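Trainee: I would like to go through some labels and see what backs each one.
Mentor: Good. Ask for the criterion each time.

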Amino acid sequence: MAGTDGALSRRGLRGRKAELRALDELIATVARTGSGALALIQGEPGIGKTTLLAETAARAGAAGFAVCSGRADELHHLVPLSSLGSCVLRGDGPGASAGTGTGAGTGTGSGAGAGSRPLMSLPAIAEPARVHDQGIGLVERLAEAVESRTGDRPVLFGLDDVQWADPLSRFVLQQLPTRLGTSPVLWILTSRREPAGPAAEIAAAAEDHLPTVTLPLGPLPGAAVGQLARDVYGEDIHGDEVDARVRQLLDGAGGNPFLAVELLTGLRTAGASDGFARADTGTSGGGAASGGSASGAGSASTGQTGHEAVSPGLVAGVRARLRPLRPDTLRLLQMGAVLGRRFGFHEAAALCGRPAAELIGALDEAVRTGLLDDDGDRLAFRHDLLRQAVYADIPPSARKALHREAARSLVAAGHPPIDATPHLLRGALPGDEEAVALLRSAAADVLPVTPDVAADLAARALELVPPARPLWFAVGEQAILCLTRAGRNQEALATGDRLLAARPPLATFGRLQSALGETLWSMDLAGELCRRTEAALATGSAAPEIAARLTALRALALSREQDLVLARETGESALAAAVATGDREAHVRALSGLGEIAQNAGESTVALCRFTALSTLDAAFLPEAVVAHLHLDDFASGARLLRRAMDADDATATRQAMLLWAQSQHDLGLGRLDDADAVLATMERLENEVRVSVQQLNARVLRSRIALLRGDRDAAGEHLDVARTRLAAKPNPGNTAAVRHLEAVHAEADGDLDRAVERIQQAEQDGAFMRWRLLRDSVAAAVATALRGGDRALAEGLAAQAAAYADRNPAVPTATGLAAQALGLVRNDPALLERAVELLGAGPRPLLGAAARTDLGETLLASGSGSGSREERRAVEELAWARDAFAEAGAHAAAARAQRALDGAGRGAAGPGGGRGTATATAVHPAVRAVVQVVQRPVQGWEALTASEKKIARLIAQGHTNRSAAELLVLSPHTVNTHLTSAFRKLSINSRVQLANLVAALPDG
């Protein structure tokens, strides 16, 4: 068998020919097709997963792959990027991660694998992790690095012991295989069998997008175990020559190769002493000697390492191996076992209470006997089961004390607090204020990256502090903030109320209510937020900066009420107080609240001023500034901000999902329906990935409207159904009004005008504070629906609102044009509709202009001036223009409406050859003809691609990465990936190589 010359390799690969064949096939498939694949190797500890991964990596390397491999570590499972960093970085020693804030590289060892250059430097991997979106920027940076590497050779990523992967690495690994599915990347993961564990989550996320294989490793057959005995005792030993004690040991190993080898080695090391044989084989109650698994599942446990019990047989076997060692060596191994599978020599020596120089002999013996490996930077137990067995032999009370001492030692050596937290969680006792301080510091460090971990750490710190002490309230305040950031709002509110029930000092009362502000706002409890902030302010005991925060929160809550004058005054007071105190949090809250208030009041210029100031203070709010520019029809400034935000330096500081929301508003406003739909789909996917839901309902509302414009009723209905489901989960007034408006559009499309009018009325009642936002672009359509439904009062009310909005925004063509259009419909006045066409024609939104031209054309035709009259000629001109504009945007249903009106005039109109406005031409625009004849765009092949998909496909075929294509097209790399994924599906291909070949074969390629 190739690559299995060494004894260790032979032992680990005995009986694994079928698995090796499957992995060899994956290596060949990835190399041949240029597309990705993933294999998950599962099994109990010691069953051979690590050796199989190493052999696969060696074979891939021999086949020309770049190999990046690493291992997750049980005692680093909280350190952000510790697992992923072991794959993409070379180990830089214990000090490499100090001060990074992410822990990347800490205790991760050789990382990129022998002979491989690292994919990324430590700063490159650490900095993108400090984004608001929990690693989305990191996913894109890594994807770009891998795409670049795969330009000349395929890549293998191997990660061992994924069950211990840290949360940020798990998040990234759930995205990267799919993101890189069109690149030649082979992912090999190993994990213990956990049906709902991290490895299963990663595989499930990938299985619909690339070939995914799960290889469960079962017990070795008897013949293979017999071969292991000959490996240990020598080739001259045959199966029938192994004595009864050895046979009993092998039977007790249950087919687990590592346990079998360790038991045999222990027997040999101990000189086959009767005491050892009895200790191992006489165990009953489900231990290894009675056929239990090496993991100890269902067996009597001699120790617990946090995840699984260790079998008595393994402990006994390792104990026999340790018996001949010097006391110093045994103590070094025990301290190392406390520190983790990988540890620093100086750290272990410090925990021993000895100078490192005095333990060199002990280190030499541990390495020489095959218990530890030394890569020059870190020490590592040869297998984690060895560490667990050594650890299990330490008395439980001693373990707790050693973990506490290990935490203190790591911090003293300069490690970040997060490195010490696993030890604190095992060793800290109630009242340990030093441990509380370290947990709080660790929580603050990881909050921007892994909020769930931060929330758990803060909650644990709170448990260690006796209630009602000043420290208890301070830790509780931090716990509220961390829980809220993690989306665990109910826990945050319960924690806050428990703290408040203890009757804290009045100043503390204000701090806690301020901390609960974001929680209550996230829960859509504006009324409760207003009540609590007013109560806290009424005490007069809050510190100035806390009073400023509370006032800003009150203004935000008041933005949902009818009295926006009071809300604005409150926000201005908050802003002044924030500036006076210099409190950044109060400043951000005040500007955010004032921006919300201005939007709800329909004051777009004021909103832009507030959000511009806010984005200057914090670039995370740049998307709000983009949208504010669009509300003023300033698409040029909006585009400049989008380009700036998508620049590599700024993108990491911006909320990626909200940036995509801003991009969708830009594309939709310009009539780029395909692009807007793709961006909204991308935004929804990113929000799902980071487990937040800010714009998901609104995204489905807009996607449903886009589908209706296209004439795709099935897709429109599906989006409406999803929006209704999300409304049930978060039924705030704004969401309710948005869905009611959408239901009105659907009802009219179904011919149910009564229901359409009823839904508009409900939206007006339920979302009064959202009125301007909801009707900003669709008020004229709502007026037309009300008129067709016979509710003139509703139509007049809507037109009055449009006029009021125009008065607030007199320099905005969309505002003034829609106001004229709404009033023109109510009065059936062609002159007003002509004015609307003129105003909207001066604006940047082609679909609104086309809708106004349609209304004008239909009104002129309905005037009854007769065939061939000036009015009819003008109507045909406007309708033809509208039809072509809709068709070019892909709004085929709207184009068909204009065409039907033209048909009603008894005339055709100009197609592309005749030019817009040629009333005497009779050709029908091809896109309109497709709608009229119910001919859909092909679902497969090059012609099924949208214009954007074709542009991106050509760029990728030329060798561009997602990022470089995004830079050329001024798009997010995430949106490029959405377009590319859609193109691959339509073209029935799965690699960039195939795409390049297909594009090269095109007539114009």
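**Labels and their criteria**

Mentor: In strand 8, A380 is the bridge partner of R342. Before we go on: this is a predicted model, where local features need pLDDT of at least 70, side-chain atom pairs count only at pLDDT 80 or more, and totals for chains, interfaces and linings use all residues. Residues are numbered from 1 along each chain as its sequence is written, and side-chain values use heavy atoms, with hydrogens and water left out.

Trainee: What makes strand 6 and strand 8 a pair?

Mentor: Two strands pair if DSSP finds at least two bridges between them. Strand 6 and strand 8 (residues 379-381) have two bridges, in the antiparallel sense. Strands and helices here are DSSP runs numbered from the N terminus: E of at least two residues for strands, H or I of at least four for helices.

Trainee: Why are strand 6 and strand 7 called edge strands?

Mentor: The open sheet has three strands in the order 6-8-7, with antiparallel pairing. Strand 6 (342-343) and strand 7 (372-374) each pair on one side only.

Trainee: How do you know that helix 44 and helix 45 are roughly antiparallel?

Mentor: Helix 44 (residues 846-862) and helix 45 (residues 870-889) pack at about 150°, with axes 8 Å apart. Axes are lines fitted to C-alpha atoms over the stretch in contact, and angles run from 0 to 180 degrees between N-to-C directions. Under 35 degrees is roughly parallel, over 145 roughly antiparallel, 65 to 115 roughly perpendicular, the rest oblique. Helix 44 and helix 45 are therefore roughly antiparallel.

Trainee: What is the make-up of the contact of helix 44 with helix 45?

Mentor: It has 13 nonpolar, two polar and six charged residues. Nonpolar means Ala, Val, Leu, Ile, Met, Phe, Trp, Tyr, Cys and Pro; charged means Asp, Glu, Lys and Arg; the others, Gly among them, are polar.

Trainee: What makes helix 34 roughly perpendicular to helix 50?

Mentor: Helix 34 (residues 673-690) and helix 50 pack at about 110°, with axes 9 Å apart. That angle makes them roughly perpendicular. Their contact holds three nonpolar, six polar and three charged residues.

Trainee: What is phi at L81, and at S988?

Mentor: Phi of L81 is near 75°, a positive value. Phi of S988 is near 55°, also positive. Most residues other than glycine have a negative phi.
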